[in-house]
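Good morning, and thank you for coming. I would like to take you through a few local features of the next structure on our list.

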Amino acid sequence: MQHNNYKKLKGLAGYINQLIKSGEWRVLSKVQKDSLKSALKRLVNSVRQFIGKQRLVTTLGAAIMLISVNANAQSFADPVMNPFSMGTEGYYYTKHQLVDLDGDGDLDLFYSNPDDEVFYYQENTGTATAPAFADAISNPFGLAPTYPLYTPILADLDNDGDLDFIRTENYGFSVYFHENTGDSESPVFSGGDGVVSPFGIDPLGAEEYFVAPTLADIDGDGDYDLFISEPYGNTYFYENRAIVASIPDAAEWTDEIILFPNPAVDNITIQTALTNEAIQSIRITTVDGRQVYQTSQLVNTINVSDFETGIYLLEVTNNDGQQLLLKFVKE
């Protein structure tokens, strides 16, 4: 009998979850809702002693919120001010980012204050389950901003395995990019004010203040898209149309390309066993997307002596349309 009741419970819970997902639950009458709740509760009571708690939670899904059982969804405790030794250096719309900046498996704290020229970093010296933040360090990892900052957002924007970040300024609609030229355990960010309007981002010329960026893969194509909100209600969407370098089967040929020296002063060398017929193009761009070199021929040496000091991306495309991005520094 319990088996039959469990099958009925599974079917009823699935039906209710579909109603909730489609929005139809909201338009049901009170009588209809109460009838479904009562039936769900009766079935739960008939099987709860014979199946585990986790199985019950999994079976009910969102329908668990309609009945009172000893299997809870999220439940938040009362708030605690400045927990885990979080600093109070920032104020006035400070936005914190919790990310693992030093690659030790726990979340560190990174934030800015929109009324001064300071980034703050607090290392998590505790653990992933018992955090404890060290005293705040001003402008860590080589950062040296020269004007008020706002809302740093960290993500691996150049697909090299470490966290870079973008930010906006306090008064203005410009976006700035700070590349992590270190690694996932020892970050070093490009100093100064970063690269303005990177990756072809148009600042729109708006003279707003406290504009806030958000990164998310909103269209599910494997890269970060950008949203920027302004204080009076508008939100701007920047679709990322770049081709992600880590595409399927790329490993079959990307291991055959080596770039050196890095950093470079006069020339870079491309070492590869690939033939000229296998290459569609080779391009070099700045981190803000400006092309400085292009060829459709396989070359082994490229003169970069006239390039400005900074970070560059070497993009190699093969005849199957697969791309590889290699980062190098010009000194």
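**Surface charge, strand pairing and salt bridges**

I begin with the surface, where Asp104, Glu123, Asp183 and Glu185 form a negative patch. Please bear in mind throughout that this is a predicted model. With a relative accessibility of 31%, Glu123 is classed as partly exposed.

Strand β3 covers residues 119-122 and pairs with β4 in the antiparallel sense through two bridges. Within this pairing, Tyr121 has Ile137 of β4 as its bridge partner.

Strand β6, residues 164-169, runs antiparallel to β7, and four bridges join them. Here Ile166 is placed opposite Phe177 of β7. Strand β8, residues 195-196, also pairs with β7 in the antiparallel sense, over two bridges. In that case Tyr176 has Val196 in β8 as its bridge partner.

Are the residues on the two faces of β7 buried or exposed? In general, side chains in a regular strand alternate between the two faces of the sheet. In β7, which spans residues 175-178, Val175 and Phe177 lie on one side, Tyr176 and His178 lie on the other, and all are buried. Both faces of the strand are therefore covered.

I come now to the charged pairs. As a general point, side chains of opposite charge can pair when their charged atoms come close. How many salt bridges does the model contain? The count is three.

Asp34 is partly exposed at 31% relative accessible area, whereas Lys30 is exposed at 61%.

Another salt bridge joins the side chains of Glu179 and Lys327, at 3.1 Å, N to O. Glu179 is in the loop between β7 and β8 and Lys327 is in strand β18, residues 323-330, so this pair ties together parts that are 148 residues apart in sequence. Glu179 is buried, with a relative accessibility of 2%, while Lys327 is partly exposed at 25%.

There is also a salt bridge between Arg283 and Glu315, whose closest N and O atoms are 3.3 Å apart. Arg283 belongs to strand β14, residues 279-286, and Glu315 to strand β17, residues 310-318, so the contact ties together parts that are 32 residues apart in sequence. Arg283 is partly exposed at 21% relative accessibility, and Glu315 is buried at 14%.

Finally, I return to helix α2, residues 30-47, which also contains Ala39. Ala39 counts as buried because its relative accessibility is 19%, and the cut-off for buried is under 20%. Ala39 and Lys8 are 31 residues apart in sequence, and their C-alpha atoms are 9.8 Å apart in space.

Thank you; I am glad to take questions.

Methods
Residues numbered from 1 in each chain as written. Predicted model: local features only at pLDDT ≥ 70, side-chain atom pairs only at ≥ 80, totals over all residues. Heavy atoms only, no water. Pairing = 2+ DSSP bridges. Patch = residues over 30% accessible without salt bridge, like charges linked within 9 Å, V, L, I, M, F, W, Y side chains within 5 Å. Areas by Shrake-Rupley, 256 points an atom, 1.4 Å probe, with all protein chains shown as cover. Salt bridge = Lys/Arg side-chain N within 4 Å of Asp/Glu carboxyl O. Lys, Arg positive; Asp, Glu negative; His and termini not counted. Charge placed at Lys NZ, Arg CZ, Asp CG, Glu CD. Buried < 20%, exposed > 50% of the residue type's maximum accessible area, 1.4 Å probe, protein only.
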